[in-house]
Amino acid sequence: MIKRIIFDIDMTLLDTLKDTHDTYIEFFKDEKIVSDFYNTIEEYDSLDRSYEKEDIVSYINEKFDKSFKEEDFNIIFKVYQKHGTLIDDNIPSYLEKLSKRYELVALSKWYVEDQEKRLECAGILKYFKKVYGIENAGIKPDKKAFLNACENYAPCECLMVGDSIRSDMEPTSSLGMYNLFLGESNMYTSINNLGEIEDNIRYIIFNKELNYIKDEGIRNSAKKLLSRLPDYFFEVAASSSGKYHPLCDLGPQGLIRHSKNVVRIGYELLNLEMYDEEYSDREKDLIIYSLLFHDAFKHGLNGSPYTIFEHPLVIGDYIKTNYKELDLSEEDMNYIYECVVSHMGQWNTNRKGDIVMPKPKLKHQKFVHMCDYIVSRNFMNIEYDKNDNIIEERGE
């Protein structure tokens with residue numbers, strides 16, 4: 001499960017092109033020199049050199065007739081610290097929401113003090129637990145820089161968000177970290193803005209379950225519904241009372257684990273030869289879809305503190321009302337609806353008797369209820385590793 005998000009700074013959070021241009025203009029007051037100076041810094045960056053100030057000064061003096069001193073760069077850096085232009089005006093609101101659920105840090109291929117000042121100038125430093133740079137992490141794309149930014153978390157518990165394939169995506173992929181590319185890429189999961197991070201984390205959490213669905217259209221519909229689920233779905237236990245589920249389903253994020261467990265049991269059963277005659281491939285996909293979302297609104301649409309009894313009807317009605325927006329056919333919608341509204345089986349009436357849900361009668365309804373029933377037994381404790389993955393094999 002992702003616990004820490006590592007953000008690149010330049011051109012991911014802050015508009016470094018604008019900020020460096022404004023800095024150089026303020027210092028040089030000559031557009032031609034600004035252009036040449038910027039290109040030289042970019043050239044230096046591509047060479048993966050030390051980023052020691054003495055080395056930068058030496059390299060630039062090789063390219064310019066003018067002789068620069070380290071004091072000149074100290075002045076430039078001080079001016080640079082005053083420029084923190086956001087790439088997107090919505091970034092503060094994106095970060096505020098993310099910071100409530102994940103630990104946020106920033107990793108830069110530059111000096112920490114400069115970047116902290118720029119982030120503070122932009123009004124977003126407060127969202128980051130720590131800023132990493134040359135002094136305390138190393139220089140990207142060196143893998144050590146990313147491992148330092150992970151600190152006590154495993155790489156698979158971290159998500160890297162950046163705009164460079166070479167400096168952000170390639171090294172983190174080789175470390176087993178999740179990553180999101182800000183821009184367009186055929187090789188990496190791409191986002192258009194930081195507001196898309198949350199949905200993509202949801203896809204990452206249920207990546208295995210989504211890929212059990214073979215039909216691309218049904219899978220994409222599942223992703224759309226996943227992006228619409230209330231935040232509490234990713235936070236609460238499967239049982240608000242703690243009485244009716246195994247230990248693995250209890251505690252924070254227990255509802256996630258319960259949903260994974262139900263899908264996994266269903267997937268394993270549907271792979272049995274005897275079910276090939278019972279269900280078409282499409283029906284199997286729709287059953288997996290139903291299992292994944294059967295408890296999607298367990299605390300209701302508005303997030304009750306406790307499980308609401310009629311939650312099967314809530315998710316059923318939601319899918320029925322929104323099936324066109326979810327890109328489901330009416331036939332597929334009805335199939336899923338039948339599965340989710342009846343998944344409680346014989347426990348279909350509340351204590352007052354004013355809510356009566358349908359019992360499973362059709363074979364696909366019975367299958368979904370059976371999977372949920374099995375997984376919710378107290379003795380069915382499925383083991384997870386420290387990264388919240390189901391343990392597939394027991395070590396000797």
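This is a predicted model: local features need pLDDT of at least 70, side-chain atom pairs count only at pLDDT 80 or more; totals for chains, interfaces and linings use all residues.

1. Helix H7 spans residues 143–150, and its buried residues are Ala 145, Phe 146, Ala 149 and Cys 150. These residues lie on the same side of H7, because they cover an arc of only 140° around the axis.

2. At its start, a side-chain oxygen of Asp 142 comes to within 3.0 Å of the backbone nitrogen of Lys 144. Just after the helix, Glu 151 adopts a positive phi of about 55°.

3. The sheet is open and is formed by 6 strands in the order S3-S2-S1-S4-S5-S6, with parallel pairing. Its edge strands are S3 and strand S6 (190–191), each of which pairs on one side only.

4. Strand S4 can be followed through its pairings. S1 and S4 run parallel and are joined by 4 bridges; Ile 6 has Met 160 in S4 as its bridge partner. S4 and S5 also run parallel, and 4 bridges join them. Gly 162 stands opposite Phe 181 in S5.

5. Strand S5 (178–182) is one of the strands that H8 lies across, together with S1 and S4. The helix runs at about 160° to S5. S5 is mostly covered, with 4 of its 5 residues buried.

6. How many disulfides does the structure hold? The number is 0. Cys 156 is in no disulfide, and the nearest cysteine sulfur, that of Cys 158, is 8.2 Å away. At 23% relative accessibility, Cys 156 counts as partly exposed. The sulfur of Cys 248 is 15 Å from the closest cysteine sulfur, in Cys 371, which is too far for a bond. Cys 248 counts as buried, at 9% relative accessibility.

7. Is Ser 221 buried or exposed? Its relative accessibility is 1%, so Ser 221 counts as buried. Ser 221 lies in helix H11 (residues 216–228). If residues up to four places away in sequence are not counted, Ser 221 touches Tyr 289, Leu 326, Asp 327 and Leu 328.

8. Some totals place these points in context. The chain has 16 helices and 6 strands, and buried residues make up 50% of its 396 residues. Its C-alpha atoms fill a box of roughly 85 × 50 × 35 Å, taken along the principal axes. Among contacts between residues at least 6 apart in sequence, 63% join residues at least 24 apart.

Methods
Residues are numbered from 1 along each chain as its sequence is written. Side-chain values use heavy atoms; hydrogens and water are left out. Buried means under 20% relative accessible area, exposed over 50%, partly exposed in between (1.4 Å probe, protein chains only). Helices (H or I, at least four residues) and strands (E, at least two) are DSSP runs, numbered from the N terminus. The arc is that of the directions from the helix axis to the C-beta atoms. A polar contact is a pair of N or O atoms within 3.5 Å; within protein, one must be able to donate a hydrogen and the other to accept it, and residues adjacent in sequence count only if both atoms are side-chain atoms. A disulfide is a pair of cysteine sulfur atoms within 2.5 Å. Two strands pair if DSSP finds at least two bridges between them. Contact means heavy atoms within 4.5 Å. Axes are lines fitted to C-alpha atoms, for helices over the stretch in contact, and angles run from 0 to 180 degrees between N-to-C directions.
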